[in-house]
Amino acid sequence: MTPLACEHAALMASVAERRDRGAFATLFDYYSPRLNAYLQRLGADRTTAEEITQEAMVTLWHKADLFDSAKSSLGTWLYRVARNRRIDIARRDRVDYVDPSEYALDIPDDQIPDADGMIDAQTREDVLRAAMADLPEEQRALVRLAFFDSLSHSEIAARTGLPLGTVKSRIRLAFSRLRRVLEAGGVDDAA
Amino acid sequence: MSSMHQPAHPQDTIKPLDALLASYCVGALDRATHALVASHLLLNPQNRRFVAALEDLAAGEVARAAPSPLSGRDARLAAIFASASPAAAPAPSSILPAPLLRLVGSDVSDLKWRKKLPGVREYRISESERGEASLLWIGGGRRIPSHTHEGSEVTLVLQGAFSDVTGRYGRGDIAIAEADLDHRPITGEGEDCICFAVTDAPLHLTGPVGRILDRFFGRAH
């Protein structure tokens with residue numbers, strides 16, 4: 001874990017165990033401006049981005065005890081909560097909120113294949129970024145739109161003017177390749 | 001990984017599922033397909049590692065974003081501390097994992113199923129010009145009439161199993177049928193098969209019987 005991730009995990013433990021408002025405010029001040037910016041980059045208007053961010057923070061406050069630093073980083077945990085909420089909000093489904101326990105946020109270690117051989121999150125991220133940089137340009141451009149801009153394949157086809165079938169097949173090639181690189185990287189690292 | 005029971009595709013290195021998982025990770029799927037993939041991850045561990053890695057990568061983008069503070073920070077914090085703890089999600093049923101239960105609204109035994117074809121019942125969850133999401137309840141050992149799709153069809157098996165030319169799928173497995181795949185899925189003997197299917201365009205039955213059935217069932221809307 002990076003020093004920042006360690007610090008955040010410790011703050012989160014304080015929130016879970018002691019309902020520590022000061023610790024929560026520190027996490028709020030770190031994560032909420034970044035989530036808000038990210039959501040706006042994906043196309044949410046300011047009001048919606050702030051609303052999703054606030055709801056993710058409400059979840060963080062009330063469900064802090066569901067977070068387990070051995071299973072994911074707080075950044076990733078919070079990211080999943082916000083992502084799921086964004087999908088609900090897009091459908092005007094206002095009656096529910098995202099319960100982190102509903103999603104695979106909290107996966108028992110023994111159910112992760114090859115748990116012993118897992119490389120840490122930072123290494124995985126580096127492996128994936130390097131593999132993305134290695135993709136042929138025609139795939140890399142589409143992966144950017146699909147992954148970093150969170151566009152659907154139809155939206156990408158409309159934006160680039162490429163046929164939908166071409167978009168799908170290039171993106172499939174790219175992600176199958178990323179997966180192979182990741183799995184090969186994991187094996188090497190575990191050896 | 002020896003535990004992979006992914007169907008053996010002719011070009012087995014390209015799995016449409018990997019791209020679907022990537023779209024899930026970044027929230028680019030419609031609500032029904034998002035719930036389908038979330039349910040797959042809960043039921044079947046084989047893709048969790050890949051998904052977790054992509055989610056770490058997406059979360060890394062959040063960490064890299066230039067901060068844009070929320071308006072009214074102190075009031076927001078006060079509102080959070082004053083908020084009531086949200087109610088817990090309903091417990092998943094033995095058939096429907098939590099994300100699907102939330103999407104559908106009630107368990108399979110409480111739904112009004114409609115007969116779609118002999119031996120096939122359907123509960124339509126949502127429908128739009130972009131496609132539809134349905135639960136399908138198919139008797140054991142039944143062959144679904146040969147059909148193709150205008151778009152692609154993503155299916156999650158919730159109970160029982162089915163097979164087609166691309167492989168065999170059991171509880172928790174996702175099958176992806178492309179627009180051009182003319183398939184005749186057959187369900188496993190002995191147990192009814194319950195599936196959740198999302199298509200991005202209406203399906204078309206093919207073959208002589210299919211074309212007649214299609215006129216009555218498939219394209220009535």
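## Salt bridges between the two chains

Across the interface of chain B and chain A, 12 salt bridges are found, a salt bridge being a side-chain nitrogen of Lys or Arg within 4 Å of a carboxyl oxygen of Asp or Glu. This is a predicted model, in which local features need pLDDT of at least 70 and side-chain atom pairs count only at pLDDT 80 or more, while totals for chains, interfaces and linings use all residues. Residues are numbered from 1 along each chain as its sequence is written, chains are lettered from A and ligands numbered from 1 in the order in which they are written, and side-chain values use heavy atoms, with hydrogens and water left out.

Side chains of opposite charge can pair when their charged atoms come close. One such pair is A:D88 with B:R102, whose side chains meet in a salt bridge at 2.8 Å from N to O. Another is A:R179 with B:D18, also given as 2.8 Å from N to O, and this pair crosses from helix 8 (residues 164-190) of chain A to helix 1 of chain B. Both A:R179 and B:D18 are buried, where buried means under 20% relative accessible area, exposed means over 50%, and partly exposed lies in between (1.4 Å probe, protein chains only).

## A pair that belongs to a network

B:E61 forms a salt bridge with A:R129, and the closest N and O atoms of the two are 3.1 Å apart. Because B:E61 lies in helix 3 of chain B and A:R129 in helix 5 (residues 121-133) of chain A, the pair joins two chains. B:E61 counts as buried, at 8% relative accessibility, whereas A:R129 counts as partly exposed, at 22%.

Within chain B, B:E122 forms a salt bridge with B:K116, with the closest N and O atoms 3.8 Å apart, and both of these residues are buried. Salt bridges that share partners also join A:R41, A:E125, A:R129, B:E61 and B:R64 into one network. Over all chains, a search of the whole structure finds 24 salt bridges.

## The interface as a whole

The size of an interface is often given as the accessible area lost when the parts come together. Between chain B and chain A the buried area is about 6,600 Å², of which carbon and sulfur atoms give 58%; this area is what the two parts lose on being put together, summed over both and taken with a 1.4 Å probe. In chain B, the residues that lose the most area to chain A are B:R49, B:F81 and B:R102, together 12% of what that side buries. Counted by contact, which means heavy atoms within 4.5 Å, 69 residues of chain B touch 74 residues of chain A.

There are 31 residue pairs in polar contact between chain B and chain A, both residues being at pLDDT 80 or more. A polar contact is a pair of N or O atoms within 3.5 Å; within protein, one must be able to donate a hydrogen and the other to accept it, and residues adjacent in sequence count only if both atoms are side-chain atoms. On the side of chain B that touches chain A, helix 1 (16-25), helix 2 (31-43), helix 3 (48-64), helix 4 (73-82) and helix 5 (98-104) each supply at least two residues, and the largest share, 16 residues, comes from helix 3.

## The two chains

The secondary structure of chain B comes to 6 helices and 11 strands, while chain A has 8 helices and 0 strands; helices (H or I, at least four residues) and strands (E, at least two) are DSSP runs, numbered from the N terminus. Buried residues make up 58% of the 221 residues in chain B, and in chain A 53% of the 191 residues count as buried. Among contacts in chain B between residues at least 6 apart in sequence, 64% join residues at least 24 apart.

A:S14 is found in helix 1 (residues 3-18) of chain A and is buried, with a relative accessible area of 10%; leaving aside neighbours within four places in sequence, A:S14 is in contact with A:R19, A:D20 and A:A23. A:I89 has its place in helix 4 (residues 74-90) of chain A and is buried, with a relative accessible area of 5%.
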